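Dear colleague,

I am passing on the structure we spoke about, and below it you will find what came out of going through it. Please read the notes with the model open beside you.

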Amino acid sequence: MEITLDIPLIRRIRRQEYAQAVVEVRELGPIQALRGSQKRHDERVAAAPDVGTLACRSGCSWCCYFTVDVRAVEAFTILDCIDRTLAHDEKARIHAEVRENSRIVRALAESERARRNARCPFLSEGRCAIYAARPQSCRNYHATDAAGCQQSYEEPENDEIDPDFAPGVYQAGGAHVEAFTAAMRDAGYDVDAYELNSALDAALSSPDARARFEARLRPFPDLVGEEVPAEFDDLAT
Ligand code: SF4
């Protein structure tokens with residue numbers, strides 16, 4: 001789907017979020033800074049002029065079977081959320097599913113991974129068990145036709161499917177995430193993208209992963225992260 005970029009909007013969000021994130025990452029640390037940024041992210045998406053066209057509804061979960069990538073700061077924030085909010089049995093179920101999904105995913109090539117459905121371990125009775133801490137890619141979902149999401153679920157090998165989406169939501173959320181990521185990168189933190197289950201498994205299995213991350217070292221030395229090219233970088237000024 002072709003869209004017209006709202007360049008003033010992208011620049012404004014990039015400027016505002018970058019300035020705020022730089023201060024919060026420095027003064028509060030990356031994990032606390034992410035929590036503030038997630039709140040602003042939700043507010044920006046809610047203020048997008050086409051937010052009313054979104055098909056995303058509570059109980060609709062086709063996208064929760066697609067591959068989700070996270071950055072290390074999100075993985076540690078999710079683990080904090082699990083510890084704080086979930087009962088022991090639910091936590092144990094999630095940890096077991098994370099480990100099993102990670103074992104499967106890590107044996108797949110990137111192209112195979114993208115063409116395979118896998119239920120997200122946080123999907124519980126049709127809802128997200130960590131909604132407040134859900135990753136940026138889930139926060140920024142922008143589909144306007146759930147039938148397209150369903151088709152992607154039913155035909156995971158079909159890469160011709162191009163569901164309609166809300167351009168205002170896509171640009172507001174995308175510019176916001178890129179600005180926060182740029183602030184983290186400029187502060188020296190790892191901003192590579194990792195597959196959700198693999199990152200959580202690595203964080204759970206390695207007690208010093210978080211300390212390494214906070215010391216600005218690679219948190220998951222055994223995982224290959226991906227440097228995600230910024231879509232709106234050329235429009236930053
Ligand atoms: S983290 Fe939540 S919203 Fe994202 S894929 Fe998993 S269940 Fe769905």
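A residue is taken here to be near a molecule if one of its heavy atoms lies within 4 Å of it. By that rule, the ligand is surrounded by Cys64, Val68, Cys120, Phe122, Leu123, Cys128, Pro135 and Cys138. Please bear in mind that this is a predicted model, in which local features need pLDDT of at least 70 and side-chain atom pairs count only at pLDDT 80 or more, while totals for chains, interfaces and linings use all residues. Residues are numbered from 1 along each chain as its sequence is written, and side-chain values use heavy atoms, with hydrogens and water left out.

Beyond its neighbours within four places in sequence, Phe122 is in contact (heavy atoms within 4.5 Å) with a set of residues including Ile78, Ile82, Ile94, Cys128 and Leu200.

Ile94, for its part, is buried, with a relative accessible area of 0%, and, with neighbours within four places again left aside, Ile94 is in contact with Ile82, Leu86, Pro121 and Phe122. Between the C-alpha atoms of Ile94 and Ile82 the distance is 9.0 Å, and the two are 12 residues apart in sequence.

Terms used. Buried means under 20% relative accessible area, exposed over 50%, partly exposed in between (1.4 Å probe, protein chains only).
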